[in-house]
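Please keep the sequence and the model open while reading.

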Amino acid sequence: MIYLDNAATTIVSDAAVSAALEMMKENFFNPNATYKPGVNVKAYIESCRKDIAKYIGAEDKELFFTSCATESNNWVFSYGRKRPNGNVVISAGEHSSVYEPAMRLKNHGTDIRVAKLDKDGRVDIDHLLSLVDDNTSLVSVIHVSNETGAVNPIKDICSAVKRKAKNALFHSDGVQAALKTEPINALGVDYYSLSAHKIGAPKGIGLLYVNKKLNIAPMLVGGGQERGFRSGTQNTPYIAAFAAAVKDFVKTRDIERTNAIRSKLIEVFSSAGCKIVGKNNNSGYILCVCLDGAKAEIVQNAACDKGVIIGKGAACSGSKRGNRVLSAIGLSDTEVERCIRISFCNDTTMDDAVAASKIILECADSIRRGNV
């Protein structure tokens, strides 16, 4: 099998599995217990927090473990605005875990403003800034698009927003950007969301970065874990796996090689008459291709039968018709139906990627000729 849907999820690394198993079988104690084994586990959690903070560019006190990035994003939209009556600005390219919380606020009377995208899938910065005013309470712009890999210049956008609306808070969904772009402390953001299963850890663990200058309201109240901001017994095995996965990802990361793989596939698909969506200034880990004359869902299934796994947009929205983000870029309904997403990990090889691209094109050609 050639797995090329890493933007949906990644295989759990051996290091992450080992770390989780140790906490499940050996150091299984409740980290909030007052006897020594429990105290030791709590200390281990804090060492994991420090390790992750070091690699992503943050201070350990700025990181709060959550169950996933969806929870982190919802936390910001539910409790992260200093002025609940202010307007909120998002981009049309947001993941559903940002877009839907924003729409929920809209249904409750909040003025939600949505900035347009350019043809490559990045936010139209001029349009976004035109939506920001003195009453803006929160701006949220995805760092790397989960659909196209488009990279938004978060540092520049955040700085421009802060100049125009000094009291506005800035959030970015960094799920597809973590460890692949700039460190968080270089961005100037107030909030930043991460998900561990995109970088070789299990599903069910994420985090929210909260700038140390802020004091966000608690997401969950109860026993006072996570310094009182996110109560609930900590998921120690997955926290351990998260830290191990981060270290392993950094050790095996080769962004230049990944960019080369993406560039080669652009060449292969372009020569076959396919349209590349978001060709320029994109993450080397994600490639969106509009196939010539073949629906993505059929190609996806045909390729799977031949041992190649690819995506067709956000896995979280797999049951929904259409694609809100691709439509916002300006693709027609027919083009949206033909878009596949190929996404890489640190272990993806050039040979596997090229072999997979040829199988995908063969499947698309069979579909066009009515053989599938």
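## Contacts and fold

A contact here means heavy atoms within 4.5 Å. Among contacts between residues at least 6 apart in sequence, 71% join residues at least 24 apart. The model is predicted.

The protein chain holds 12 helices and 12 strands. Its radius of gyration is 21 Å, close to the 21 Å that the globule rule gives for 372 residues, so the chain is as compact as a globular protein of that length. The C-alpha trace spans about 70 × 55 × 35 Å along its principal axes.

## Surface and charge

Of the 372 residues in the chain, 55% count as buried. The chain exposes about 16,000 Å², and carbon and sulfur atoms supply 49% of that area.

There are 47 positive and 40 negative charges in the chain, and their mean positions lie 4 Å apart.

In one of them, the side chains of Asp190 and Lys162 meet at 2.5 Å, N to O. Asp190 sits in the loop between strand S6 (169-173) and strand S7 (191-195), and Lys162 belongs to helix H6 (residues 154-164), so the pair ties together parts that are 28 residues apart in sequence.

Lys162, with a relative accessible area of 25%, is partly exposed.

## Salt bridges between sequence neighbours

Lys61 forms a salt bridge with Glu59, with the closest N and O atoms 3.8 Å apart. Lys61 is partly exposed, at a relative accessible area of 48%. Glu59 is also partly exposed, with a value of 31%.

Asp365 pairs with Arg368 in a salt bridge whose closest N and O atoms are 3.5 Å apart. Both residues lie in helix H12 (residues 350-368); because they are three residues apart there, about one helical turn separates them. Asp365 is partly exposed, with a relative accessible area of 30%, and Arg368 is partly exposed at 37%. Elsewhere, salt bridges that share partners join Asp118, Lys119, Asp120 and Arg122 into one network.

Key
Residues are numbered from 1 along each chain as its sequence is written. This is a predicted model: local features need pLDDT of at least 70, side-chain atom pairs count only at pLDDT 80 or more; totals for chains, interfaces and linings use all residues. Side-chain values use heavy atoms; hydrogens and water are left out. A salt bridge is a side-chain nitrogen of Lys or Arg within 4 Å of a carboxyl oxygen of Asp or Glu. Buried means under 20% relative accessible area, exposed over 50%, partly exposed in between (1.4 Å probe, protein chains only). Helices (H or I, at least four residues) and strands (E, at least two) are DSSP runs, numbered from the N terminus. The radius of gyration is taken over C-alpha atoms; the globule rule is 2.2 Å times the number of residues to the power 0.38. Accessible areas come from the Shrake-Rupley method with a 1.4 Å probe; for residues, only the protein chains shown count as cover. Lys and Arg count as positive and Asp and Glu as negative; His and the chain ends are not counted. The place of a charge is taken as NZ of Lys, CZ of Arg, CG of Asp or CD of Glu.
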